Amino acid sequence: MSLVHTAIVEGNPHLRSLLSWHLQKSGYATQQYSNLQQARSIFNCKQPALVILDADIPSGDSIELCQWLYQQRQSMILMLSDQHEEKKVVRGLNAGADDYLVKPFGIKEFM
């Protein structure tokens with residue numbers, strides 16, 4: 001069985017590591033990126049099957065990266081956010097995200 005290559009683009013290092021750990025325990029191969037520039041430079045060469053993308057990453061415009069990934073049509077895109085505003089969710093889905101998951105309240109305090 002081949003591993004599903006997954007990229008995690010998340011600004012919070014604790015959440016990024018936690019997501020990676022859980023995915024690896026489930027048999028996924030993961031790569032972690034702390035900013036959009038780093039991720040995009042790698043994605044220019046090789047795109048993973050799944051990208052978990054922080055919609056609120058402070059290092060740039062995650063919507064722009066989502067649109068670019070969608071145009072490549074090689075990766076499934078899951079956006080994560082702690083923003084519960086409907087317009088943010090709609091904006092992410094319109095940018096090409098396959099799904100949008102809102103982080104539960106209090107996760108920032110936990111991390």
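## Close-up views of a predicted model

**View 1. The whole chain.** The protein chain has 5 helices and 5 strands, taken as DSSP runs (helices H or I, at least four residues; strands E, at least two) numbered from the N terminus. This is a predicted model, where local features need pLDDT of at least 70, side-chain atom pairs count only at pLDDT 80 or more, and totals for chains, interfaces and linings use all residues. Residues are numbered from 1 along each chain as its sequence is written, and side-chain values use heavy atoms, with hydrogens and water left out. Following the sequence, you get β-α-β-α-β-α-β-α-β-α. The radius of gyration is 13 Å, close to the 13 Å that the globule rule gives for 111 residues, so the chain is as compact as a globular protein of that length. That radius is taken over C-alpha atoms, and the rule is 2.2 Å times the number of residues to the power 0.38. Of the 111 residues, 39% count as buried, meaning under 20% relative accessible area (1.4 Å probe, protein chains only).

**View 2. Helix α2 against helix α3.** Residues 36–43 (α2) and 62–72 (α3) pack at an angle of about 10°, with axes 11 Å apart. The axes are lines fitted to C-alpha atoms over the stretch in contact, and angles run from 0 to 180 degrees between N-to-C directions. That makes α2 roughly parallel to α3, a label for angles under 35 degrees. On the α2 side, look for Leu36, Arg40 and Phe43; α3 brings Ser62, Glu64, Leu65, Trp68 and Leu69. Contact here means heavy atoms within 4.5 Å.

**View 3. The largest nonpolar core.** This core has 21 residues, and Val9, Phe43, Leu53 and Met79 have the most contacts inside it. A nonpolar core is a set of buried Ala, Val, Leu, Ile, Met, Phe, Trp, Tyr and Cys residues joined through side-chain atoms within 4.5 Å. At least two residues each come from β1 (5–9), α2, β3 (50–54), α3 and β4 (76–81), and α3 gives the most, with 5. Zoom in on Val9: beyond its neighbours within four places in sequence, its contacts include Tyr33, Leu36, Phe43, Leu53 and Ile57.

**View 4. Gly92 in helix α4.** Gly92 sits in α4 (residues 86–94) and is buried, with a relative accessible area of 0%. Not counting residues up to four places away in sequence, Gly92 touches Ile63, Cys66, Met79, Ala97 and Tyr100. Lys103 is 11 residues from Gly92 in sequence and 14 Å from it in space, C-alpha to C-alpha.

Definitions and conventions. Angles under 35 degrees count as roughly parallel, over 145 as roughly antiparallel, 65 to 115 as roughly perpendicular and the rest as oblique. Buried means under 20% relative accessible area, exposed over 50%, partly exposed in between (1.4 Å probe, protein chains only).
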